[in-house]
Amino acid sequence: MLDFSSLLLAAALSGTCLSITMFAIWLTTPRTRFVLTVACGILVLVAHVVAFWRYTKDADPWLCQVVLALLTLGFLVICLSAMQYLGFRDYRRGIVPTFAAMAACTAFTYFGFDGIGFQITYATVTALLAAIGTMFWMKGDHDRRILLVVSFLSGACGISFALCGLVLLVEGQWVLGAAPDNWAERLNSVIAVACMTGLGALTLSLHHLQAQIELKAETMTDPLTGLMNRRALNELYGDRSFGPFMAIAMFDLDHFKTTNDVFGHPVGDQVLCRFAAVINKYGRAGVDAFRLGGEEFALVMSRVTPEKAHDMASRIGVAFGTEIVPTHRGPLRSSVSGGMGFGSAAGAPLDEVLAQADAALYAAKRAGRNRVVTQQDGAGQPDAGPALKTA
């Protein structure tokens, strides 16, 4: 037969090692706050295990309340770490009902019904673990293999706690006067140690995965405007075949070199950011904006007709023409030229559509700027916005 005290000490040792590892990881990468939260949660559970081991030796009623509170609090903190990782922000949805359950547990235990207190605590922990498993199952959009294992381990651990509460309920043990000791408790000790060890290892994997995602996002994002960059364009559309309802609009800010020379590069950066903000307003499903470099931008549109694509590009030019950037020499208005490239019924590669849009862009420049041109007609309709102007 397994020695219950040995199981508890094994759980405490395992949890302590995991917590130290998590703290070390967080110290090297402070931005990964969910790792710190996991470490704190495991540390609280270690305190619970030590208190529970002491409670098995001396069943003091006050110590019982501490044991149950630490168990619930530990899993609440781990649940909050899952919410942090997955991007949930409404923490009250987890905190309020958990503290309500803790208050009910404290009340029953205070009046001597410690068995009911254990049942409430086990039910609360089961609910928290079920919430963790459900969140990773439904919300996770990264490596599904890791997330599904997290869901499985959370579910297995939750079931073991549910069995502990169910045994007490079936046997009608409303008043215990000592630490519960039955087959479910022993099984829970084994499963909890295994699951918490596994979850700790998976936390390291999730940390590594998140670091990779952040690094990839940084390499595919323009740091000044926040738009995607040329690498992202090739990553997303490099292997795509552009059909008849896909289009690319290329934009080039008019007289941008003059803007930098006359007003300075900080003002030029503001102009770039203003155009990025304008083009971002037209973002929707099937429309992606990119800064290709310098003052050159691109808008990839899907599920649009050529007429609608040209209209959207023209409206972007008009909207940008109304933007005013304050400078030391007075308000600054800028304009933008655009060129349209379209897919074909047979399908066209990205480079071909980009070349088509680039040729149309240069046609817009030659035609006097501040307009959007398609390669087919060779001349565009000028937009309503004024050319570069100071006041």
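# Helices and loops along the chain

The crossing of helix 2 and helix 3 is left-handed. This and every other feature described here belongs to a predicted model. Helix 2 covers residues 33–57 and helix 3 covers residues 61–86, and their axes come within 8 Å of each other. The angle at which these two axes cross is roughly 165°. Because angles over 145 degrees count as roughly antiparallel, helix 2 and helix 3 are described as roughly antiparallel to each other. In the contact of helix 2 with helix 3, the residues divide into 21 nonpolar, six polar and two charged.

Helix 1, which comprises residues 4–28, includes Ser14. With a relative accessibility of 18%, Ser14 counts as buried. At 22% relative accessibility, Ala11 counts as partly exposed, because the term buried is kept for values under 20%. Between Ala11 and Val49 there are 7.2 Å from C-alpha to C-alpha, although the two residues are 38 apart in sequence.

Leu80 has its place in helix 3. This leucine is buried, with a relative accessible area of 17%. Leu80 and Arg92 are 12 residues apart in sequence, and 9.9 Å separate their C-alpha atoms. Arg92 leads on to the next element, helix 4, which runs over residues 92–110.

Helix 4 has 19 residues and reaches 26 Å from its first C-alpha to its last, close to the 27 Å expected at 1.5 Å a residue. Which residues of helix 4 are buried? They are Gly94, Thr98, Ala101, Met102, Cys105 and Thr109. Seen down the axis of helix 4, these buried residues fall within an arc of 105°, so they line one face of the helix. On the other side of helix 4, Arg92, Arg93, Val96 and Tyr110 are exposed. Helix 4 is followed by Gly112, a residue with a positive phi near 95°.

His255 has a phi near 55°, which is a positive value in a residue other than glycine. The loop that holds His255 lies between strand 1 (246–253) and helix 9 (256–263). His255 has a relative accessible area of 36% and is partly exposed. Arg369 likewise has a positive phi, near 70°, and is a residue other than glycine. Where does Arg369 lie? Its place is the loop between helix 12 (350–366) and strand 7 (371–374). Arg369 counts as partly exposed, at 31% relative accessibility.

Helix 10 extends over residues 265–280. From its first C-alpha to its last, this helix of 16 residues reaches 22 Å, close to the 22 Å expected at 1.5 Å a residue. Its buried residues are Val267, Gly268, Val271, Leu272, Phe275, Ala276, Val278 and Ile279. For Val271, one of these, the relative accessible area is 2%. Val271 and Thr259 are 12 residues apart along the chain, and their C-alpha atoms are separated by 8.9 Å.

Helix 11 (residues 306–321) packs with helix 10 at an angle of about 135°, and the axes of the two helices are 10 Å apart. What is the orientation of helix 10 and helix 11 to each other? At that angle, the two helices are therefore oblique to each other. Helix 10 passes helix 11 in a right-handed crossing. Helix 11 has 16 residues, which should span 22 Å at 1.5 Å a residue, and its end C-alpha atoms are 23 Å apart, in agreement with that expectation. The buried residues in helix 11 include Ala309, His310, Met312, Ala313 and Ser314. Ile316, Gly317, Phe320 and Gly321 of helix 11 are buried as well.

Key
Residues are numbered from 1 along each chain as its sequence is written. This is a predicted model: local features need pLDDT of at least 70, side-chain atom pairs count only at pLDDT 80 or more; totals for chains, interfaces and linings use all residues. Side-chain values use heavy atoms; hydrogens and water are left out. Helices (H or I, at least four residues) and strands (E, at least two) are DSSP runs, numbered from the N terminus. The expected span of a helix is 1.5 Å times one less than its number of residues. Buried means under 20% relative accessible area, exposed over 50%, partly exposed in between (1.4 Å probe, protein chains only). The arc is that of the directions from the helix axis to the C-beta atoms. Axes are lines fitted to C-alpha atoms, for helices over the stretch in contact, and angles run from 0 to 180 degrees between N-to-C directions. Angles under 35 degrees count as roughly parallel, over 145 as roughly antiparallel, 65 to 115 as roughly perpendicular and the rest as oblique. A crossing is left-handed if the near helix is turned anticlockwise from the far one by less than a right angle, and right-handed if clockwise. Ala, Val, Leu, Ile, Met, Phe, Trp, Tyr, Cys and Pro count as nonpolar, Asp, Glu, Lys and Arg as charged, and the others, Gly among them, as polar.
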